[in-house]
Amino acid sequence: MAPPQGSRAPLEFGGPLGAAALLLLLPATMFHLLLVARSGPARLLGPPPYLPGLEALWSPQALLLWLTWLGLQAALYLLPARKVAEGQELKDKSRLCYPINGFQALVLTALLVGLGTSAGLPLGALPEMLLPLAFSATLTAFIFSLFLYMKALVAPVSALAPGGNSGNPIYDFFLGRELNPRIYFFDFKYFCELRPGLIGWVIINLALLVQEAELRGSPSLAMWLVNGFQLLYVGDALWHEEAVLTTMDITHDGFGFMLAFGDLAWVPFTYSLQAQFLLYHPQPLGLPMASIICLINAIGYYVFRGANSQKNTFRRNPSDPRVAGLETISTATGRQLLVSGWWGIVRHPNYLGDLIMALAWSLPCGVSHLLPYFYLLYFTALLVHREARDERQCLQKYGLAWHEYCRRVPYRIVPYVY
Ligand SMILES: NC(=O)C1=CN([C@@H]2O[C@H](COP(=O)(O)OP(=O)(O)OC[C@H]3O[C@@H](n4cnc5c(N)ncnc54)[C@H](OP(=O)(O)O)[C@@H]3O)[C@@H](O)[C@H]2O)C=CC1
Ligand SMILES: CC(C)CCC[C@@H](C)[C@H]1CC=C2C3=C(CC[C@@]21C)[C@@]1(C)CC[C@H](O)C[C@@H]1CC3
């Protein structure tokens with residue numbers, strides 16, 4: 001098949017070989033983490049404690065529960081929204097519309113889960129099902145990505161993403177061919193990025209907290225902190241849902257296995273690793289240390305939210321009094337770049353805040369194991385890679401003005417370090 005466009009787009013993720021390796025490595029890593037979290041030694045770098053047979057992975061009940069979950073989130077997506085936002089301008093100069101009702105979906109899910117548990121739904125039994133649920137999510141991600149790949153075969157050329165159309169089926173399956181695959185108003189990528197995985201993550205955390213309470217009489221302070229911090233993060237993402245419309249995942253990347261698996265399986269089952277670890281490896285945590293950890297999370301959140309809000313406000317309305325006094329650089333595109341405020345400290349202050357929060361999520365798990373720090377390590381690698389991709393795109397968009405910005409703000413994520 002001749003690549004219809006983007007044949008000159010540089011191959012990412014190590015090209016077809018890298019994509020093939022990641023297709024196997026990502027699910028393998030997720031299952032390794034799930035198995036290790038519940039094993040006694042919880043050694044991140046050792047072999048898995050055992051290799052689960054198909055009977056431990058495959059469960060029709062888990063598949064049914066998973067599909068019901070996806071159905072519920074899809075139904076909540078279709079409910080009337082408080083606002084319908086327009087996305088970025090597309091190649092054909094049109095803009096797509098997106099419902100802004102993610103926070104509403106979170107609240108309604110919480111209400112339904114609350115009602116369900118008071119009616120006898122055994123939420124504390126969920127942790128026992130994590131392995132087959134993760135298997136069902138992985139299976140769904142593979143099948144769904146295949147559907148997306150086929151759907152792109154009949155999509156108009158203008159609907160294809162800049163990357164992901166190399167002509168190599170494995171690479172294109174991994175990266176994703178179509179930019180915004182939808183059926184009528186239902187946008188698959190936007191739906192998956194924020195709903196089933198992110199909300200699923202906090203429900204899994206909550207189930208782990210409930211099971212800890214059932215096992216030990218009450219949830220530990222460490223479990224409360226991890227649940228609270230991550231709920232704040234997910235609530236914040238859904239409250240500021242509109243901001244996701246300007247991320248490279250929505251504006252640049254195709255929707256393929258990487259994002260489908262990332263959104264549906266990787267986020268709920270590996271981002272909940274700290275809570276999983278705590279259930280099987282209780283950690284003592286005193287009030288003084290808990291206060292320090294809360295402070296670290298608060299600082300991280302302050303930087304993350306401050307930086308994201310400053311850029312979003314500036315992009316929406318540069319004359320807004322909150323950002324009008326900031327120094328800027330003009331670019332040939334007519335857009336401006338901030339060079340003071342948060343974006344004058346480093347070129348990705350929001351990543352810095354996100355990383356500080358990631359540290360705060362691991363610290364309640366103590367320092368005896370590396371496993372709870374997996375998220376911090378993976379996330380550092382993800383953000384360093386993402387930052388490099390974003391720089392390439394910004395250099396392409398802004399040319400000389402971007403060089404000037406880099407000269408004025410030399411550090412990428414951590415001041416005086418990187
Ligand atoms: N938990 C997780 O797994 C993940 C979390 N995240 C988080 O999601 C959030 C969004 O991240 P992401 O989409 O990567 O990128 P950003 O929100 O950092 O957006 C990057 C874009 O911002 C604009 N920009 C860059 N510099 C400036 C400047 N000086 N002034 C004005 N605009 C500028 C450019 O776009 P333009 O000029 O076109 O507006 C650039 O492409 C972050 O907080 C990140 O930490 C991201 C990935 C994974
Ligand atoms: C499976 C791979 C290793 C990579 C998968 C990457 C995805 C998990 C992430 C790509 C961009 C993401 C964003 C978020 C969650 C993780 C994924 C989907 C947020 C929604 C997290 C909350 C923030 O406030 C906004 C983020 C946007 C990008």
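Visitor: How far apart do the end C-alpha atoms of residues 17–37 lie?
Guide: This is a predicted model, and the value is computed from it. The unreviewed UniProt entry lists residues 17–37 under "transmembrane region". The span is 100% helix and 0% strand. Its end C-alpha atoms are separated by 30 Å.

Visitor: Are α1 and α5 roughly parallel or roughly antiparallel to each other?
Guide: Helix α1 covers residues 15–37 and helix α5 residues 130–153, and their axes are 10 Å apart. The two pack at an angle of about 170°. Angles over 145 degrees count as roughly antiparallel. The relation of α1 to α5 is therefore roughly antiparallel.

Visitor: How many charged residues does the contact of α1 with α5 have?
Guide: From α1, Pro-27, Met-30, Phe-31 and Leu-34 meet Leu-130, Leu-131, Ala-134 and Thr-138 of α5. By class, this contact has 7 nonpolar residues and 1 polar residue; of charged residues there are none.

Visitor: Which domains each supply at least three residues to the shell around ligand 1?
Guide: Ligand 1 is surrounded by 20 residues, with Thr-247, Leu-338, Trp-343, Asn-350 and Asp-354 the closest. By class, the shell holds 8 nonpolar, 6 polar and 6 charged residues. At least two shell residues come from each of α13 (287–316), β6 (336–338), α14 (349–362) and α15 (374–398). The domains that each supply at least three are domain 1 (16–40 + 56–89 + 96–282) and domain 2 (284–418).

Methods: Residues are numbered from 1 along each chain as its sequence is written. Chains are lettered from A and ligands numbered from 1 in the order in which they are written. This is a predicted model: local features need pLDDT of at least 70, side-chain atom pairs count only at pLDDT 80 or more; totals for chains, interfaces and linings use all residues. A residue is near a molecule or strand if its C-beta atom, placed from the backbone, lies within 6 Å of it. Helices (H or I, at least four residues) and strands (E, at least two) are DSSP runs, numbered from the N terminus. Ala, Val, Leu, Ile, Met, Phe, Trp, Tyr, Cys and Pro count as nonpolar, Asp, Glu, Lys and Arg as charged, and the others, Gly among them, as polar. Domain bounds come from an automatic or database domain assignment. Axes are lines fitted to C-alpha atoms, for helices over the stretch in contact, and angles run from 0 to 180 degrees between N-to-C directions. Angles under 35 degrees count as roughly parallel, over 145 as roughly antiparallel, 65 to 115 as roughly perpendicular and the rest as oblique. Two residues are in contact if their C-beta atoms, placed from the backbone, lie within 7 Å. UniProt positions are given in the numbering used here, feature names are shortened, and annotations may be inferred rather than shown by experiment.
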